[in-house]
Amino acid sequence: MEIKTVAVVGMGTMGSQIGIVCARGGFATCLHDQTPERVAQGLRSIEAFGAGQIKKGKADQETMQAALGRISTHTDLAGAVAQADLVIEAVYEEIEVKKRLFKELDRLCGPQAILASNTSTLWISEIAAATGRPDRCIGAHFLIPAALTPLVEVVRGLDTSEATHQTMVDFLGQCGKETVTVADSPGFVINRLYLPMVNEAFCALETGLATAQEIDRSCTRGLGLPLGPLAAADAFGLDILLACMNTFYRELGDKYRPASLLVKLVKAGHLGRKTGRGVYDYGG
């Protein structure tokens, strides 16, 4: 199957970045969110990214404008996905939310459309079971920031067909992404390794092992990470991290128990950059 038109559902941090990836790959890309305000916020982040890439000399204005010209937006889900050959879901990391959305997408999309989830920890097979097309459901786990990181994890559910898998790999290749194909299991490979380390950084902070700055500097200067684990958690959202760790804890056992400091911060509404305060204060 050839992919010509892509729809991305969810215009938060990940969805907007995935939209950039698809548009820069040459695909007509329709981005959907539920309200005009969320759509406007997503478009602002896309435009800011484009301007930043041009300023840094990473992209020329003509190429970036051409990519932006391939992006359209919609607040009506049916209108957004009606012509899509591929739909990529990038909504909140909660299994029932994703299952309800996939059930609706199954009803609204053409019979040949592939439905992909950007879930970072949930079972693709369980999400696919909400549809009548589990053979055309697949995981496409983009990493933050999706427009810059070179790798995408492609996750085969129990019923994902070889044709669906190959179409997804080919599509991502056209978008300039390397892929690794992994089995359907909570966290797949990258997050199974990375998120427990981030969680452990919260444990180290809570016990006074070092300050947040020193923990992050140990990882950037000592381990060569581009961003320290606590700063990274603030960037992608402490609520997202907690949701992922809760999935690990439920599915894989006690060694993945969320750090109590992480739980406290989320309960206090300190979710990171998006709320102005997380591990660090961004109030300014």
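Colleague: Is Thr121 buried or exposed?

Modeller: Thr121 counts as buried because its relative accessibility is 0%; buried means under 20% relative accessible area, exposed over 50% and partly exposed in between, with a 1.4 Å probe and protein chains only. Keep in mind that this is a predicted model, where local features need pLDDT of at least 70, side-chain atom pairs count only at pLDDT 80 or more, and totals for chains, interfaces and linings use all residues. Residues are numbered from 1 along each chain as its sequence is written, and side-chain values use heavy atoms, with hydrogens and water left out.

Colleague: Where does Thr121 lie?

Modeller: In the loop between strand S5 (114–117) and helix H6 (124–128). Helices (H or I, at least four residues) and strands (E, at least two) are DSSP runs, numbered from the N terminus.

Colleague: And what is Thr121 in contact with?

Modeller: Leaving aside neighbours within four places in sequence, its contacts include Glu93, Pro186, Leu195, Cys244 and Phe248. Contact means heavy atoms within 4.5 Å.

Colleague: Switching topic, how many residues of H10 are buried?

Modeller: 7 of the 8 residues in H10 (229–236) are buried, among them Leu230, Asp234 and Phe236. What covers them includes helices H8 (190–206), H9 (212–222) and H11 (238–252).

Colleague: What follows H10?

Modeller: Gly237, with a positive phi near 105°.
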